[in-house]
Amino acid sequence: MASEADEEKTGRPTAAGADGASTTAGASTNPKAAGAEQAAVDPKVAAAIAAAEAAGPADGVSVRVDSWIWAVRLAKTRSLGASACKGGHVKVNGQNVKPSHTLRVGDEVRVRQEGWERVVIVKRLIRKRVGAPVAAQCYVDNSPPPPPRQFIGAPAGIRDRGTGRPTKRDRREMERLRGLMDSATAARTTRSEGDGPREQGPQER
């Protein structure tokens, strides 16, 4: 009660109140502090963040969009990144851009590749190509799920070494796996193989 009365008179928090205020201030959201806490928990994340910062440009040096999408592994080569920009497959904040367009942190980059559009938000600017775990620390991935891969055909069965040439039946099975045999031939072959051994007639005995 005395402490509360003193606080009302002086207008200053007591020791317990000061501790509580300091704790509240320490709990304020700080991106660097949050990143440091995350790095302290996971050493791999800490190494990836350090590598991403090391690959960043020097102060005052801009980063081209074709260089950035190559560095974060959205393009296999820088020339392919430049070609994608020239062909209208790269957009920054909804606008088609040239390869020399300068990126900034927070820009939305859309890269269309093989029927799938990657949508990322620039988180770090880098100019050197890095590995996939490090590249993941340089952007926020908002891409839709990739389309399912189309089934082309099952590969032919793998034969053991030293088994010799395949028989006619083996070849028919491999053709059936590859889808080369038409339905009528496959049905006829299956029916003939499922009949079992043919019984001999009276003249063949």
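Predicted model: local features only at pLDDT ≥ 70, side-chain atom pairs only at ≥ 80, totals over all residues.
Modeller: Residues are numbered from 1 along each chain as its sequence is written, and side-chain values use heavy atoms, without hydrogens or water.

Biologist: Which residue stands opposite Val-111 in E4?

Modeller: Strands are DSSP runs of E, at least two residues, and helices are runs of H or I, at least four, numbered from the N terminus. Two strands pair if DSSP finds at least two bridges between them. Here Val-111 faces Arg-118 in E4. E1 and E3 are antiparallel, with 3 bridges.

Biologist: Which residue takes a positive phi in the hairpin of E3 and E4?

Modeller: Glu-114, near 55°; the hairpin has 2 residues between the strands.

Biologist: How many residues has the largest nonpolar core?

Modeller: A nonpolar core is a set of buried Ala, Val, Leu, Ile, Met, Phe, Trp, Tyr and Cys residues joined through side-chain atoms within 4.5 Å. Buried means under 20% relative accessible area (1.4 Å probe, protein chains only). This core has 27 residues, and Val-72, Val-90 and Val-109 are among those with the most contacts inside it. H5 gives the largest share, 4 residues.

Biologist: What is Val-72 in contact with, beyond four places in sequence?

Modeller: Contact means heavy atoms within 4.5 Å. Leaving aside neighbours within four places, Val-72 touches Ile-126, Ala-135, Cys-138 and Tyr-139.

How values were computed:
Buried < 20%, exposed > 50% of the residue type's maximum accessible area, 1.4 Å probe, protein only.
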